[in-house]
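Please open the structure in a viewer and keep the selection tool at hand.

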Amino acid sequence: MGGPEVERLIALLAKLPGLGPRSARRAALKLLTEPETRLRPLAAALTAAVGAVRTCRVCGNLDSQDPCAICADPDRDGAVICVVEGVGELWALDRAGVHRGRYHVLGGVLSPLAGIGPEDLHLAPLLARVEAGGVREVILALGATVDGASTAHWLADRLRPLGVSVTRLGQGVPIGGALDVLDDGTLAAALRGRRSA
Amino acid sequence: MDWDAPAIVLDARPFGEGDAIATVMTEAHGAHRGLARGGSARGHAAVWQPGNLVQVRWVARLADQLGSFSAELVHPAAALAMDEPLVLAMLTAACAVAAGALPEREAHPRVFQGLVALIAHLAEGAALLPDLVRWEAAVLTDLGYGLALDACAVTGATTGLAFVSPRTGRAVTAAGAATWKARLLPLPAFMAPAFMAENAPPPLAACRDGLALTGHFLARDAFGLHNKPLPPARQMLYDRVAALALSESPPDAG
């Protein structure tokens, strides 16, 4: 169609989340038809990211500095650590701007059914951070799934003896959500987690 | 080819960006896999949580194809279990045992009905552990590895059974066990055929012994013969119950 370089570009784009072969072709075409405004800046950004971005040795975030900007920020409350499954969840929470503490990325969740154990995740560094002292609260911001809940219970069992407060995110009706379209599980969780008005 | 039946979700693993390969169990079709479209996407992931009771429809062009599932949630057992560590461990252990031990597409109605009953009474928590152990024994029996717990293998006595041979799966009394006690598995009273349910649930130590008993035979016969270890979820349940049993009756000082 356009030579092996174009085919390779389309094939690589098609492997990205949210893109299939068809949308990858459209993206490649857009890049190739506007090389100065799209393709070259993108190529330069990718090259720079490859050289600069690394995993934070403290929390597991991705950043061009190590420790990352969040871990190095002196204005953040180091006594509160929010535990998340992946970097995507960390970015989502930080975008909301409501958590002014630090984070810890597990790199997944325990899955007793799929055989993913504690040794497969970034759990030991979290326990080491808490054991090192200075931590008052650990917020378990994990998904409302069987695996997420299993991971939260596993962590809570090991964090409580260290003398920190262990909390987790609330579950229930989303903002803008109508009760009649919620699934039974969410409704049950919302009812269980009710509070005085 | 298609069928429609009440089912229990045993497992759902992400496949591609938003789909999942789900394993469900039905009364007539046993453990059955299929592609759940959107099963790991935000809209449908809640339905495909292990332990949920669903009304599932399976469709395939040929009987031996993987086929695809569509499902409607009937009872959100997973969501109801998530707050309680022990209940969640029981649910995931039961699902993992059923998903790993039972052959695919082979009906085991007694196992299915037992699992439905367990899920329906999950709120009872630790009081349900004896039923879970008995259900695991029923799984072994259905697979052809049933335990012989009705009479002592040595004396023939039908009362006072206290141990089980880890080799033969036959019960023995304390007198029959004699000097071999250390090599035998303790048999909790609630496992005996003549056991009548009492008001007070058995102690957690007895439940731990029951889990160790069925766990030994599940590991050796149901999983070991297929070169598979006991599922991590089942091991995590045992560890949790053992820890609770320890805190229930701390060892004597000195």
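**The interface of chain A and chain B**

Begin by displaying both chains of this predicted model, and look for polar contacts between chain A and chain B: seven residue pairs, both at pLDDT 80 or more, are counted. Next, select α7 (146-159) and α8 (184-192) of chain A; each of these helices supplies at least two residues of the side of chain A that touches chain B. The largest share of that side comes from α7(A), with six residues. Colouring the side of chain A that touches chain B by class will show 11 nonpolar, six polar and five charged residues.

Now select the whole contact, which takes 22 residues from chain A and 25 residues from chain B. The size of an interface is often given as the accessible area lost when the parts come together. Here chain A and chain B bury about 1,900 Å² between them, with 61% of it on carbon and sulfur atoms.

Three salt bridges are found across this interface. To view one of them, select Arg192(A) and Asp83(B), whose side chains meet at 2.9 Å, N to O.

In soluble globular proteins, nonpolar side chains tend to be buried together.

Centre the view on Leu237(B). Which residues is Leu237(B) in contact with, leaving aside its neighbours within four places in sequence? They are Leu86(B), Ala89(B), Met90(B), Ala93(B), Leu129(B), Leu132(B) and Leu211(B).

**Arg76(A)**

For the last stop, select Arg76(A), in the loop between α4 (69-72) and β3 (77-84) of chain A. Is Arg76(A) buried or exposed? Arg76(A) counts as buried because its relative accessible area is 9%, and the cut-off for buried is under 20%.

Show the surroundings of Arg76(A) as well. Apart from neighbours within four places in sequence, Arg76(A) is in contact with Ile70(A), Asp94(A), His99(A), Arg100(A), Gly101(A), Arg102(A) and Tyr103(A).

How values were computed
Residues numbered from 1 in each chain as written. Chains lettered and ligands numbered in written order. Predicted model: local features only at pLDDT ≥ 70, side-chain atom pairs only at ≥ 80, totals over all residues. Heavy atoms only, no water. Contact = heavy atoms within 4.5 Å. Buried area = accessible area lost by both parts, 1.4 Å probe. Salt bridge = Lys/Arg side-chain N within 4 Å of Asp/Glu carboxyl O. Polar contact = N/O pair within 3.5 Å; in protein donor to acceptor, adjacent residues only side chain to side chain. Helix = DSSP H or I, 4+ residues; strand = E, 2+ residues; numbered from the N terminus. Nonpolar A, V, L, I, M, F, W, Y, C, P; charged D, E, K, R; others polar. Buried < 20%, exposed > 50% of the residue type's maximum accessible area, 1.4 Å probe, protein only.
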